[in-house]
Amino acid sequence: TIMCVGGDAGLLECVTDAKSVDEVKKETDGFTTLREYFERAYGPPGSSSSPGAPPPPGGITFEQAQDNFLRSLVGYSLVCYI
């Protein structure tokens with residue numbers, strides 16, 4: 001999370017135990033795309049909304065994982081831009 005606290009100041013929250021895209025590529029056999037990785041790790045999109053569907057691994061759905069990844073990219077992009 002990035003929080004603006006002034007015209008030229010801000011706070012940056014670092015996330016521990018997070019993997020970089022490079023780490024995911026190196027640790028995943030047959031890595032081709034991020035979408036495929038997310039589907040393997042969290043199930044296909046919308047799978048948690050199917051009746052009788054088992055809970056997603058770790059309790060995180062594909063959509064939640066995708067949103068978390070997107071939010072992390074926004075923060076990273078802002079830090080690199082500044």
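Biologist: Is the crossing of α2 and α3 right-handed or left-handed?

Modeller: Keep in mind that this is a predicted model, where local features need pLDDT of at least 70, side-chain atom pairs count only at pLDDT 80 or more, and totals for chains, interfaces and linings use all residues. Residues are numbered from 1 along each chain as its sequence is written, and side-chain values use heavy atoms, with hydrogens and water left out. A crossing is left-handed if the near helix is turned anticlockwise from the far one by less than a right angle, and right-handed if clockwise. For α2 and α3, the crossing is right-handed.

Biologist: Which residues make that contact?

Modeller: Contact here means heavy atoms within 4.5 Å. From α3 come Phe 62, Ala 65, Gln 66 and Phe 69. From α2 come Leu 34, Arg 35, Phe 38, Glu 39 and Tyr 42.

Biologist: And how do α2 and α3 pack, at what angle?

Modeller: α2 covers residues 34-42 and α3 residues 62-81, with axes (lines fitted to C-alpha atoms, for helices over the stretch in contact) 9 Å apart. Angles run from 0 to 180 degrees between N-to-C directions. The angle is about 135°.

Biologist: In what order do the elements run?

Modeller: Helices (H or I, at least four residues) and strands (E, at least two) are DSSP runs, numbered from the N terminus. The chain has three helices and two strands. From the N terminus on, the order is β-β-α-α-α.

Biologist: What share of the residues is buried?

Modeller: Buried means under 20% relative accessible area, with a 1.4 Å probe and protein chains only. The chain has 82 residues, and the buried share is 11%.

How values were computed: Buried means under 20% relative accessible area, exposed over 50%, partly exposed in between (1.4 Å probe, protein chains only).
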